[in-house]
Amino acid sequence: MNIGVIVFPGSNCDHDCIHVISSVLGQKATPVWHKETSLTGLDAIILPGGFSYGDYLRTGAIARFSPVMNAVKTFASEGGMVLGICNGFQILLEAGLLPGAMLRNKSLSFICKYVHVKVENAATPFTGLCESGQVLKIPIAHADGNYYTDPVTLAALQANAQIVFHYCTPEGKVTPEANPNGSLDNIAGIRNAEGNVLGLMPHPERCAEDILGNHDGQVIFLSMLDALKKAKLKAVVA
Amino acid sequence: MKQSAQPISKDLIAQHGLSDDEYKKVVEILGREPNFTELGIFSVMWSEHCSYKSSRVHLKKLPTTGPRVVQGPGENAGAVDIGDGLCAVFKMESHNHPSFIEPYQGAATGVGGILRDIFTMGARPIALLDSLRFGLLDHPKNRHLLKGVVAGISSYGNCMGVPTVGGEVVFNEIYANNPLVNVFCLGIAKKDRLFKGTAAGVGNPVLYVGSKTGRDGIHGATMASDSFDEASESKRPTVQVGDPFTEKLLLEACLELMETDLLVGIQDMGAAGLTSSSCEMASRAGNGLELDLTHVPRREPDMTPYELMLSESQERMLMVAKQGKEEDVLRICRKWDLDAAVVGRVTGDGILRVKDQGKVVAEIPAKSLAEDGPKYERPNTPPPYQEYLQALNLDALKEPKDYTATLLELLDAPTIASKRWVYQQYDHMVRTNSMVRPGSDAAVLRIKGTNKAVAITADCNGRYCVLHPYMGGMIAVAEAARNLICSGAEPIGLTDCLNFGNPERPEVMWQFILSVEGIADACQAFNVPVVSGNVSFYNETNGLNIYPTPILGMVGLIEEAEKAMTQWFKQAGDAIILLGATREDVGGTEYLRVVHHREQGEPPYLNLDTEKMLHACTLKLIRKGLVQSAHDCSDGGLAVALAECCMSDPAQPLGAVVRLTGYTIRRDALLFGESQSRIVLSVKADSADNVLRIAQDMGVPAAKIGTVGGERLVIDIEASKQASACRVDADLKTLLDKWGNSLERALSQA
């Protein structure tokens, strides 16, 4: 597989995603400069974390205008898998590929720590190898992860199983105490209605190796690869 | 100070911080009076901050060589060989004065500056540490400073994508009007691809890359070379404003340029900006350099040559490229949307010649600025109060009635308490190398592409240094090394950031000289070379000088990454072993300050040979796989160390039952004294005997003192002829609340 990792000016988790895909999982990872206009030859796209354009205006607000974002929109509309992590999630929100917006963390501070998330929907291409209800221990690192949307959209997200991850306790209980940033409904990650675009605030690429003490995040990337493999097989059979 | 051209008057010379003798030397070098721009250039280059005029003669005592040293002091950063064709590039710098005036920007640009020092060398920065000193948190100003500094570090480091993995925060009234902000950065570079700040090759083009030059930070270096008073707040315009986004672009552009064969030399524009980078690069190569300011990218019109040369605008680099390669360099800079321009060329006459609009505005021998500045062997005498400081009558000191309450009080003291509130605001995991994150004795980072890891730590106890500067300097080295050893690493190099008061005061100079000698002797004993460093003098406000605070950043190597060690207990049933001997060391302790409100006495005794044997033994035990956890005893002594072993596992706290027998010393000294050369180990129950035998064979005192497990920390001390029995007994929840939430509590005061 060949996974494209978009490099915006100010991206800083691009190397980490590339490391997991190539060095840990043995697949091809291709950095894609934000001024590119084509994504041909790539099987899936990751928008990595970081501070695109310094996040000086509003997180992700300038990156959505990068030339590559038109290509990302086309890629997604054709059913391609797009994963946005942290700043990548924020960019997907600003670009309208996912509904809602990010507010400043309730504490008003940057927070870097391990949290637990519950896999609410194991039927997405990003969580296919998870058990439904499985609890993953994954770190967050952001100042603007307080997800917000209007009640109608929230109801739609809930009705369509678009909320893929909730912040939870180590035992899997979704409680206010387990919510690190004030996020609406403890939302840690959502997908689009079609299911091929996912955004999440936690960083699965930071916990995908035993030497770092935890490989819970690997399952997200493995699920993506598994979904791609199945899709290719299906295409061959068809 | 007006920035337009002015006639050179006595007042103007004094405003520039040059003494009469120094000005005479300027006239002698030039063979004429300097013009206004030249006066400014001399004043920053000969400032204490840039010239090290008071410290240079003494810094020579530090050992700077060794088989691993690839680059010693004198470049932007030092470098040591870590094998696999790689070297660790590191340095520590202070940003004290700016952080007091404007904590957020002062600290942020401190981070920016040290990062540039590292990537200028061709190394990708992989970790930051911060050593901070503030006054007590019951004063709102100190809370404001702490919050501002942490937010500034967080904003800059996080945006850069370089993890801040540790450091230290110490609170003491002495830093109330002079906080310390020291930042350490470590990068990894290919050993044969290190870059230097050299303007070699006459005729080669000189390029300016990065942010545009503005009027910020003019005379920052001179400010950093002066004492403080009430008027210092008015110096806010001398504090630079950071732009981490541009720095991130500059980092990536520089590393991309360094992959090519286009550059001859490179240096960042830090203190004294365009001035220091140009004359230092020229001087190192024995060349001259001609700058044409007309081409310097600038933020506003009508900037004078004086302002352009002295601006400390951040995120700028000066590069010397190979002849004819200008366009290739500019192309890569444009890719990263950076301003870049050819602003001069290397000359063979040794002169720094500055032109503006076709007119020569300054002409000075480069070497005279970079190397021939004044050097002083300033007078030094011990302060008159030194004897009083060291006098401590233990007999007059009452022991606590309730040792559990005393332990809880110490755990609640912000200097000892958990720094979670601080490090949760730092991204400490980006780059996915952080094997041991903040909260253990040292941070450990794996080195991708190898089986190795590096451990890093920053340490200094300023109170020990004021009580006994020589011993304080030695202990700083010993403790840093001990922290690395506890992480399973062998110390391989050191950088120092020497924070002292006003060097024109003989007692400050006395403290400085002895501290440096202590550091030098300990480094010699441990075979740890000093490869880079920084001196910050004039940490004096309204006549009050800070404690001598030589903060050390030390780097250690772990050959097999998976053998990295952490400080917290791992498993119920494990045996707890104390390595090293406990003496009646109460002087200079945190216990004495918190409980008895005294900062007095002799600091703990240190014997370098004993310390070395402890290191060898601990490292051997860890490498043999016999150790489950290792934690050194420092602030708060054995009781605090044991409590930390119980509490600091981020996932799950574990209790312990400890029994101390056969001790005849005071109970407060046994529990809270800070005797050096001690490490608390936990080992599997069935390897305890083996561990004790190995320690004995290696000449290290060792005793099994307890067992891991349960929901409480219990320490029983048996009665002896001289002292009664006593007990510490607290449940983990209470301990965790005191220790874990102390900073939040202190900061939430209205």
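How much area do chain A and chain B bury between them? In this predicted model, the two chains bury about 2,500 Å² between them, and 61% of that area lies on carbon and sulfur atoms. The size of an interface is often given as the accessible area lost when the parts come together. The contact is made by 27 residues from chain A and 31 residues from chain B.

Polar and charged pairs were then counted. Between chain A and chain B there are 3 salt bridges. One salt bridge joins B:Arg446 to A:Glu209, with 2.7 Å between the closest N and O atoms. Across the interface, 11 residue pairs are in polar contact. On the side of chain A that touches chain B, the elements giving two or more residues are helix H1 (14–24), strand E6 (111–119) and strand E7 (135–142) of chain A. Of these, E6(A) gives the most, with 4 residues. By residue type, this side of chain A divides into 14 nonpolar, 7 polar and 6 charged residues.

Helix H1 of chain A also has buried residues, namely A:Asp14, A:Asp16, A:Cys17, A:Ile18, A:His19, A:Val20 and A:Ile21. Within chain A, the buried residues of H1(A) pack against strand E1 (2–7), strand E2 (28–33), strand E3 (44–47), strand E4 (81–85) and helix H5 (218–237). They also pack against strand E15 (443–446) of chain B. After H1(A) comes A:Gly26, which has a positive phi, near 70°.

The nonpolar interior was examined next. In soluble globular proteins, nonpolar side chains tend to be buried together. The largest nonpolar core in the model has 143 residues. The residues with the most contacts inside this core are A:Leu39, A:Ile46, A:Leu47, A:Leu83, A:Phe165, B:Val89 and B:Met319. Helix H10 (residues 244–259) of chain B supplies the largest share of the core, 9 residues. Leaving aside neighbours within four places in sequence, A:Leu83 is in contact with A:Ile45, A:Ile46, A:Leu47, A:Leu92, A:Phe126, A:Leu198, A:Leu200, A:Ile220, A:Phe221 and A:Met224. A second, separate core has 48 residues, among them B:Leu411, B:Val594, B:Val680 and B:Val708.

A residue of chain B, B:Gln105, was also considered. B:Gln105 lies in helix H7 (residues 103–119) of chain B. This residue counts as buried because its relative accessibility is 17%, and buried means under 20%. Not counting residues up to four places away in sequence, B:Gln105 touches B:Val239, B:Gln240, B:Val241 and B:Gly242.

Technical notes: Residues numbered from 1 in each chain as written. Chains lettered and ligands numbered in written order. Predicted model: local features only at pLDDT ≥ 70, side-chain atom pairs only at ≥ 80, totals over all residues. Heavy atoms only, no water. Contact = heavy atoms within 4.5 Å. Buried area = accessible area lost by both parts, 1.4 Å probe. Salt bridge = Lys/Arg side-chain N within 4 Å of Asp/Glu carboxyl O. Polar contact = N/O pair within 3.5 Å; in protein donor to acceptor, adjacent residues only side chain to side chain. Nonpolar A, V, L, I, M, F, W, Y, C, P; charged D, E, K, R; others polar. Buried < 20%, exposed > 50% of the residue type's maximum accessible area, 1.4 Å probe, protein only. Core = buried A, V, L, I, M, F, W, Y, C linked by side-chain atoms within 4.5 Å.
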